[in-house]
Amino acid sequence: MDTIIVVWVFYSFIAAYVADARGHNPLLIFVISIFFSPIAGLVVCLGKPINQLRLDMKGVESGRLKECHYCKEYIKSDAIKCKHCNENNYH
Ligand SMILES: [Zn+2]
């Protein structure tokens, strides 16, 4: 019985990790996984499209991404030229 609980919680963490990697709320998916099943949590987070805006905001917070000064799209923080509008971003 204890093994089932450990495996259940372990796979619930994996579902939460997958949710976070796809830009969804990991706590919500973890709660769904604990109360229903980790498979239900995975189905919910894989059924929703990737939340690119949330992933971009996390990239800006971590310093991995910055906003282009011209087109306002997110680009890598050390990029010199924007991949979206081809303008120079030296600063
Ligand atoms: Zn741009």
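Predicted model: local features only at pLDDT ≥ 70, side-chain atom pairs only at ≥ 80, totals over all residues.

Entry on Asn86. I looked up the phi of Asn86 and found it positive, about 70°, although the residue is not a glycine. I place Asn86 in the segment after strand 2. Is Asn86 buried or exposed? I count 9 C-beta neighbours inside 10 Å, so Asn86 is exposed.

Entry on Lys72. I found a positive phi here too, about 65° for Lys72, which is not a glycine either. I note for both entries that most residues other than glycine have a negative phi. I find Lys72 in the loop between strand 1 (65-67) and strand 2 (74-76). Lys72 has 10 other C-beta atoms within 10 Å and is therefore exposed.

Entry on domains. I looked up the division of the chain and have domain 1 as 2-47 and domain 2 as 52-91. I read 31 Å between the centres of domain 1 and domain 2, taken over C-alpha atoms.

Entry on the core. Which residues form the largest nonpolar core? I list eight: Ala15, Ala16, Ala19, Ile29, Phe30, Ile32, Leu42 and Cys45. I traced the elements that give two or more residues to this core, and they are helix 1 (2-21), helix 2 (26-35) and helix 3 (38-47). I then took Ala19 and, leaving out residues up to four places away in sequence, found that Ala19 touches His24, Asn25, Pro26, Ile29 and Cys45. Of these, Ile29 and Cys45 are also listed in the core.

Technical notes. Residues numbered from 1 in each chain as written. Core = buried A, V, L, I, M, F, W, Y, C linked by C-beta atoms within 7 Å. Buried ≥ 20, exposed ≤ 12 C-beta atoms within 10 Å, placed from the backbone. Helix = DSSP H or I, 4+ residues; strand = E, 2+ residues; numbered from the N terminus. Contact = placed C-beta atoms within 7 Å. Domains from an automatic or database assignment.
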